[in-house]
Amino acid sequence: MEFNKVLEERRSLRAYEAGRSVSRETVEEILRAASMAPSWKNSQTARSYVVMSQPLAKQVRETCLPEFNRKNSQNAPVLIVTAFVKGRSGFDNLGNAVNELGDEWGAYDLGLHNENLVLKARELGLDTLIMGIRDGEKLRELLHIPEDQQIAAVIALGYGAAEPQMPKRKELSETTVFF
Ligand SMILES: Cc1cc2nc3c(=O)[nH]c(=O)nc-3n(C[C@H](O)[C@H](O)[C@H](O)COP(=O)(O)O)c2cc1C
């Protein structure tokens, strides 16, 4: 698919086709594309916890997501919990933050990784929803995510059952300064 079309067609999907699964090979293809993203000194601190077991996905929804995200991700066959290893991206070899952003660079890298993820999914005809509103500690407990990792979003992945319009974007003049 042409790159611009992928950019334009990717939407946050809040309705998924029931009973339509996604193969592990497809998820792996998407995650390999995600891993091609740039990262601080190629530190590659992004981590993915892929929930494909439906009973576990149900448990994640019921215990770790608020009601509206439970509904938004209902029927999505895959939930990818994303995290990054703390204290590496944005840090020197002695473990000192290189500048004022500290671990925010880890979040920056994870965002780049996850943008590749959602775009690759769209290219393959799949849809996604990034959910930042979730209970991180319950996710940690349920999926045994180590304490040295910062948990970020839960990404729902599946075949969309709606065609939402692109929410309005700001004009460049509102967001950009040229010198
Ligand atoms: C970091 C992040 C967190 C988000 N969290 C949620 C969420 O918890 N629930 C939800 O329905 N949408 C969530 N979204 C989706 C945004 O609302 C959506 O990207 C935005 O409205 C633009 O729509 P679009 O993705 O279709 O272009 C999140 C998006 C990002 C990037």
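Which residues surround the ligand, and which of them are the closest?

Entry 1. I worked from a predicted model. I looked up the surroundings of the ligand and found 13 residues there, with Arg11, Ser12, Met131, Gly132 and Ile133 as the closest. I then asked which elements give two or more residues to this shell, and I recorded helix H4 (67-72) and strand E3. E3 gives the most, with three residues. Sorted by class, the shell has seven nonpolar, four polar and two charged residues.

**Entry 2. Strand E3.** I next examined E3 (127-131). Is this strand enclosed or open? Four of its five residues are buried, so the rest of the structure largely encloses E3. I checked its pairing and noted an antiparallel arrangement with E4, joined to E3 by five bridges. Within this pair, I found Thr128 opposite Leu157 of E4.

**Entry 3. The largest nonpolar core.** I turned to the largest nonpolar core, which holds 32 residues. The members that touch the most others are Val78, Leu79, Val81, Ile155, Ala156 and Leu157. I listed the elements that supply two or more residues to this core: helices H2 (24-34), H3 (54-64) and H5 (104-123), together with strands E1 (46-51), E2 (78-85), E3 (127-131) and E4 (149-158). As background, I noted that nonpolar side chains tend to be buried together in soluble globular proteins.

**Entry 4. Leu79.** What does Leu79 touch, leaving aside residues up to four places away in sequence? I recorded contacts with Val51, Ala57, Val60, Ser73, Val154 and Ala156. Of these, Ala156 also stands among the core members that touch the most others.

Terms used:
Residues numbered from 1 in each chain as written. Predicted model: local features only at pLDDT ≥ 70, side-chain atom pairs only at ≥ 80, totals over all residues. Core = buried A, V, L, I, M, F, W, Y, C linked by C-beta atoms within 7 Å. Buried ≥ 20, exposed ≤ 12 C-beta atoms within 10 Å, placed from the backbone. Contact = placed C-beta atoms within 7 Å. Near = placed C-beta within 6 Å. Nonpolar A, V, L, I, M, F, W, Y, C, P; charged D, E, K, R; others polar. Pairing = 2+ DSSP bridges.
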